[in-house]
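Please keep the sequence and the model in view while reading.

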Amino acid sequence: MANDTLLIKHTGTGKQAEYPLLTGTLGAETADIRSLYKDLDCFTYDPGFMATASCKSKITYIDGDKGVLLYRGYPIEQLAESCEFTEVAYLLMNGELPSEAQLLDFNLEISDRAIIHESLRKFFDGFHYDAHPMAMLVGVVGSLSAFYHSELNIKDPDQRMRSATRMIGKMPTIAAASFRHSVGRPFVYPRMDLSYCENFLNMMFSRSSQNYIDQDHYIDPDLVKALNLLFILHADHEQNASTSTVRLAGSTGANPYACVAAGIAALWGPAHGGANEAVLNMLAEIGSVENVPKYIAKAKDHNDPFRLMGFGHRVYKNFDPRATIIRKTCHEVLSKTHKNDALFELALAVEQAALKDDYFIEKKLYPNVDFYSGIIYKALNIPVDMFTVMFAIARTAGWVSHWLEMMEDPSTPIGRPRQLYVGPPRRDFLPLGNR
Ligand code: SDX
């Protein structure tokens with residue numbers, strides 16, 4: 001209720017204090033314990049932030065038990081069904097769906113900002129051909145601030161919005177450039193006459209540095225539709241590890257390009273955005289349906305470091321609504337591309353074996369967004385080491401939206417967690433001869 005509080009009593013000292021319970025539009029009540037240390041001289045301990053709200057946000061809401069995902073209140077299923085990715089990016093950034101005129105202007109601005117500075121393009125020449133695309137993405141995005149230092153006044157809302165839109169526009173160009181560099185093909189410039197997803201596929205796969213849409217190499221609209229869907233599903237997800245990294249970096253006043261580069265670095269980990277690449281590597285390791293029982297047993301064995309990549313989620317404990325949508329699209333894409341769907345059959349076998357297994361049922365481990373996305377990316381001829389880059393392109397919309405939301409609130413404090421110190425007590429220095 002409006003005035004409910006959380007009463008915390010220290011049974012040792014007998015001191016107690018009441019903390020207001022904040023209620024949001026949806027979701028759990030949140031105890032405002034900011035004065036806890038002052039009142040009761042103690043901290044809370046919550047590694048991984050399992051039960052800790054780091055901020056208030058209006059952008060995305062997840063109900064992990066019901067498998068609900070809302071972007072600015074709209075169910076992900078409805079947006080995935082009807083929108084183009086840039087429409088969803090606009091929604092996340094501005095809080096409302098764009099009108100036709102607003103979307104036209106936004107798409108024009110995104111296309112206009114897709115080009116990168118020729119000097120930035122030369123950065124790629126410094127990487128070895130076999131550099132991981134995520135390594136290139138982190139480096140190049142972090143360097144963008146060197147090209148826009150006249151636009152880094154983070155107190156100016158117009159400059160903030162321009163920086164955010166600039167990154168959404170340039171991410172596909174930088175991503176495609178990292179791929180072209182790794183395969184030794186000429187860089188392909190973005191085009192004003194292509195949609196966001198068409199442009200990306202053209203920059204990735206054009207047979208020359210000019211034009212991919214020639215007589216026998218057109219961009220299949222069904223594949224563009226599948227990519228658009230994947231980008232929408234990956235656009236945002238509350239305070240996940242990479243978004244929290246962007247917010248923490250942003251709380252220091254760092255420029256938005258540095259903040260997003262920090263988010264890209266955090267996303268790279270196999271427990272987070274790197275899971276889609278890890279799923280494909282895991283399926284390759286399992287190799288055949290006959291080996292599935294052996295690997296399910298390995299995943300359950302705590303002495304074995306093997307985990308079922310693409311399974312489990314910190315928040316979703318029944319199903320990841322994104323995985324449900326992607327699984328359906330898998331069938332469509334594989335039938336369209338006539339790709340060898342042995343991989344999909346193997347993924348289905350792993351999924352079915354895990355969903356029937358008591359260990360996974362008891363621990364509420366279900367397929368997450370990453371379990372099937374890699375199979376679609378593979379069917380789109382996206383190389384495995386580009387999968388997390390794909391995630392980063394989409395999540396840039398979420399990262400910049402959270403950065404904008406945080407920067408709009410001048411009361412945002414610098415993030416600075418406390419700790420429980422378990423190191424040695426104070427001791428005096430011993431010179432070398434006396435140790
Ligand atoms: C993403 O936060 C987000 O929203 C992320 C994301 C987004 O859109 O931003 O949704 C994207 O990162 C999806 C998750 C991708 N990662 C993976 O698929 C990697 C495999 N999954 C696990 O690493 C794990 O499930 C996490 C990291 C996703 C969640 O970890 P938690 O919530 O910290 O759970 P946990 O590691 O404490 O595991 C709880 C139990 C453990 O067993 P016990 O110690 O209790 O006996 O479940 C087991 C774990 O061993 N477990 C698994 C498992 N995941 C958890 N066992 C086998 N295989 C797994 N995948």
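Predicted model: local features only at pLDDT ≥ 70, side-chain atom pairs only at ≥ 80, totals over all residues.

1. Residues are numbered from 1 along each chain as its sequence is written, and side-chain values use heavy atoms, with hydrogens and water left out.

2. Helices here are DSSP runs of H or I with at least four residues, numbered from the N terminus. Apart from neighbours within four places in sequence, Leu 308 is in contact (heavy atoms within 4.5 Å) with Met 282, Ile 296, Ala 299, Val 350, Ala 354 and Phe 360.

3. The structure holds 18 aromatic pairs, where rings of Phe, Tyr and Trp (its six-membered ring) pair if their centres lie within 6.5 Å, planes under 30 degrees apart counting as stacked, over 60 as edge-to-face and the rest as tilted. Phe 311 and Phe 360 are edge-to-face, because their ring centres are 6.0 Å apart and their planes stand at 75°. Since Phe 311 lies in the loop between α13 and α14 and Phe 360 in helix α16 (residues 358-362), the pair ties together parts that are 49 residues apart in sequence. Tyr 359 and Phe 360 also form an edge-to-face pair, 5.2 Å centre to centre with 75° between the planes, and ring pairs link Phe 311, Phe 344, Tyr 359, Phe 360, Phe 371 and Tyr 372 into a cluster.

4. How many disulfides (pairs of cysteine sulfur atoms within 2.5 Å) does the rule give? The count is zero. The closest cysteine sulfur to that of Cys 83 is in Cys 197, 13 Å away and therefore too far for a bond. Cys 330, with a relative accessible area of 0%, is buried, meaning under 20% relative accessible area with a 1.4 Å probe and protein chains only.

5. Asp 304, in the loop between α13 (292-300) and α14 (321-337), is buried at a relative accessible area of 17%. The side chain of Asp 304 makes a polar contact with that of Lys 298 at 2.8 Å; such a contact is a pair of N or O atoms within 3.5 Å, and within protein one must be able to donate a hydrogen and the other to accept it, residues adjacent in sequence counting only if both atoms are side-chain atoms.

Key
Helix = DSSP H or I, 4+ residues; strand = E, 2+ residues; numbered from the N terminus. Buried < 20%, exposed > 50% of the residue type's maximum accessible area, 1.4 Å probe, protein only. Disulfide = S-S within 2.5 Å.
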